[in-house]
Amino acid sequence: MTKKKGKLTKALDHLIHDDPFSKGVAFCPGCGLELLLRIIPRVLGNDIVITGTPSCSAPVLLGQNNRSWHTLSYFGTLMTGAAANATGLVRYYRKAGIENTVVCFNGDGTAADIGFGNLSGAAERNEPFIYICYDNEGYMNTGIQKSGTTPFGAVTSTTPHGARALRGKNVRRMNLGLQMAMHKISYAATATLSDLDDLAKKLKKAKEMKTQGFCFLHILAPCPTGWGLAPDHTIEACRRAVKTNYFPLWEAINGRIRMTRIVKKPKPVETYTRLMKKFAHLSQADLGILQDDIDYEYCVLGGLSVLESECRLALSDED
Ligand SMILES: Cc1ncc(C[n+]2csc(CCOP(=O)(O)OP(=O)(O)O)c2C)c(N)n1
Ligand code: SF4
């Protein structure tokens, strides 16, 4: 009991700033995005400038009916040019002699698909801002369409189950976090809402590291409405995503990867999928494909995270 209390205090210790959001905002019950949005300024401070695109975050961040739900600075932009606009903002502030932190905050539809080109460009130029992708694995605001990060087998409105032998998404997800880390940017990391201490440390590290260049955080943020997940299972879904290696936690400085949490005995992916309806139709064979994808991605990650020391050894052998 005492131990648990200590753990909780550790995570909450990072939330040192006031919550700039109104108590009731326009998100569905249990929305992972809402919790994440409330945490970011509480950790980073209220002087951040957020920029983002049309999405589930926009009704709250941009406001509705000329009213605002928060006291932060927000710059609304287009899905096609989110990172290019953030680049412009940063350059304007630098020219004006204003020191602040620009946070480009977008869903996976923007980050992985529609705005990926200029995200990659900003990363390659190592622009000094933080890009956060909250990954709810689809275009949720426009009716739950599949995106590049939607996993194999998941039902979305564009990858249905039932009609003409369709069984959800029939191709595997892209690994956005790894792709960004391989741009060898100043800082890249994955995080989720079940591991708040890890999430808060990575937010702080991104704020520190952005003086050296581009920082990218890939954050799993469950969408109860789109996933068929009970609103009170949001955190449990994140916890199981980590425990099954569906969403491993790591960070990378200049492309050098380090696991921030190693799960000693990963649970089978069904432990995670059974929580939500979007996977309810999957056969054992389908689950096998999903499991294989998770195992493969984890092997790649493991390989990359040890590669550096192994390469150094090999090089010193040659010496
Ligand atoms: C270029 C472009 N295509 C399509 C749209 C329509 N649109 C508005 S919000 C949205 C969904 C955005 O998805 P994502 O970025 O993943 O955020 P989420 O809705 O999941 O929060 C889309 C497709 C748009 N605004 N701009
Ligand atoms: S649709 Fe999903 S991401 Fe959008 S507000 Fe609702 S729960 Fe959140």
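Predicted model: local features only at pLDDT ≥ 70, side-chain atom pairs only at ≥ 80, totals over all residues.
User: What handedness does the crossing of helix 2 and helix 8 have?

Analyst: The crossing is right-handed. Helix 2 contributes L36, I39, I40, V43 and L44 to the contact, while helix 8 brings L196, L199, A200, L203, K204 and K207.

User: What makes up this contact of helix 2 with helix 8: how many nonpolar, polar and charged residues?

Analyst: The residues divide into nine nonpolar and two charged, with no polar ones. Lys counts as charged, and K204 and K207 of helix 8 take part in the contact.

User: How do you know that the radius of gyration of the protein agrees with a compact globule?

Analyst: Set the two values side by side. A compact globule of 319 residues would have a radius of gyration near 20 Å, and the protein has 19 Å, so the two agree. The C-alpha trace spans about 65 × 60 × 50 Å along its principal axes.

User: Which residues surround ligand 2, and how do they divide by type?

Analyst: Ligand 2 is surrounded by F27, C28, C31, C56, N136, C223, P224 and T225. Six of the shell residues are nonpolar, two are polar and none is charged. Cys, Phe and Pro count as nonpolar.

Definitions and conventions
Residues numbered from 1 in each chain as written. Chains lettered and ligands numbered in written order. Heavy atoms only, no water. Near = heavy atom within 4 Å. Left-handed = near helix turned anticlockwise from the far one by under 90°. Helix = DSSP H or I, 4+ residues; strand = E, 2+ residues; numbered from the N terminus. Contact = heavy atoms within 4.5 Å. Rg over C-alpha atoms; globule rule 2.2 N^0.38 Å.
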